Amino acid sequence: MQIGVYGAGYLGTVISACMADFGTPVTCCHPDSSRMVEMAQGKVPFHEKNLSEVIRRNVRSGRLAYSTDVESFARRSAVIFLAEDTPQHLNDLVLRISKAASKPPVLVIVTPVSVGTGTSLEKKLAQAGLKAVIVSQPVFFTAGCAVEDFNWPDRIVLGTSSNDAVQAIKQIFHPLVMRGVPVIVTNHETAELVRESATAFVAAKISFINELAGLCERVNGDAVHLSLALGLDKKIGPRCLQAGAAMGGLFAQSDMDSLALLAEQNNTELKILSAARAVNMSLADGLAEKISVALKSLQNKDVGILGLAFKPNTNSVAGSAALKLAQSLVSRGARVRAYDPVAIPDAKLELNGTVH
């Protein structure tokens, strides 16, 4: 079976490379020819652990190819994963691919979308007199370990009413299914809601431990030991239960914003989500205030920051607490010097010369 992946950003690059690593022929398509040439050479425009090696290995073996011809790509691929990082061109893309396909394709939506998108796409196809099977498949990648997340997922979620599409996707993910990774089949809306809800739940968990870390400072508690003890409870788990300087990431803020908007549009109050977002937003300023108190004043003080990405092993600074902290320190009069092994170019664009 020929698999297609449309998208040359973060999601499309990771998914096409890792899927080819299963041994399946995969074509990654995008109209940007220079980007496609660079990708075929293993030149990834962002830092992601082990990804360049996976790309080079599969290009050499002939399992991974890159194309700029959308129509030819649509004709050859029975199952196409639509994996752009943002959804603004999704409607046009679905219609274009469905029109060019030699027979109704299975279109798997992994692009982060708002709840209701899958159903809306099905209606647009019907109105245009076109046929395709839409499957909503949220993916759960953490920057810095996306290759690992792809190969060792907690679950596979498929939003569709098509049994044939489910069987086709299970065949593609055969190594994971045989390993016992749970496959949850549901409707579009539930699948779309899973991604946003998972992000919100993690934000609530991180915000909770950060608030407890603040309490530890007042009562002589040890936040690290508290996190360890709580995390060993099987009902809680250790992941995302370490106090720090807030939750960031490429899709984290947009997921929470989208879920909050959906609740507002449906006259539903998500109090825990609102509180988690408020805590998350306040942490960097709180750290800057602690530093200011410890140093008496930040005016004309030199402060160093080690790490600018939102987490290790990535160059992404999207939602980075380190950047927020740097900006807060500068606003209080500090001279900030910062270092990161891979994120400096992106951080410079965000910080606009205010940090050395």
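Helix 10 (residues 188–219) supplies the largest share of the lining of the largest cavity, three residues; helices here are DSSP runs of H or I with at least four residues, strands are E runs of at least two, and both are numbered from the N terminus. The model is a predicted one, so local features need pLDDT of at least 70 and side-chain atom pairs count only at pLDDT 80 or more, while totals for chains, interfaces and linings use all residues. Residues are numbered from 1 along each chain as its sequence is written, and side-chain values use heavy atoms, with hydrogens and water left out.

Back to that cavity. Its lining consists of Ile 109, Val 110, Thr 111, Pro 112, Val 113, Ser 136, Gln 137, Pro 138, Ala 191, Glu 192 and Arg 195. A cavity is a set of points on a 1 Å grid over the protein atoms alone where a 1.4 Å probe fits but cannot get out, and lining residues have an atom within 4 Å of a point. The space inside comes to about 50 Å³, a volume being what is filled by probe spheres set on the points, with grid points joined across faces, edges and corners. Six of the lining residues are nonpolar, three polar and two charged (Ala, Val, Leu, Ile, Met, Phe, Trp, Tyr, Cys and Pro count as nonpolar, Asp, Glu, Lys and Arg as charged, and the others, Gly among them, as polar).

Searching the whole structure turns up two cavities of 30 Å³ or more.

Pockets come next; a pocket is an open set of points with protein on both sides within 12 Å along at least five of seven lines. The second largest pocket holds about 290 Å³ of space. Of its 13 lining residues, Asn 210, Gly 214, Glu 217, Leu 283 and Lys 290 lie nearest the centre. Helix 10 shows up here too, and both this helix and helix 13 (271–294) give at least two residues to the lining.

On the aromatic side, the whole structure has six pairs, counted when ring centres of Phe, Tyr or Trp (its six-membered ring) lie within 6.5 Å; planes under 30 degrees apart are stacked, over 60 edge-to-face and the rest tilted. Phe 22 and Phe 150 make a tilted pair, because their planes are at 40°, with centres 5.5 Å apart. Phe 22 sits in the loop between helix 1 (10–20) and strand 2 (26–29) and Phe 150 in helix 7 (residues 146–151), so this pair ties together parts 128 residues apart in sequence. Phe 150 is buried, at 7% relative accessible area (buried means under 20%, exposed over 50%, partly exposed in between, with a 1.4 Å probe and protein chains only). Phe 81 and Phe 173 pair edge-to-face, with planes at 85° and centres 6.2 Å apart, and both residues are buried. Phe 22, Phe 81, Phe 141, Phe 150 and Phe 173 form one aromatic cluster.

Zero disulfides are found, the cut-off being cysteine sulfur atoms within 2.5 Å. The sulfur of Cys 28 has its closest cysteine sulfur 7.5 Å away, in Cys 29, too far for a bond.
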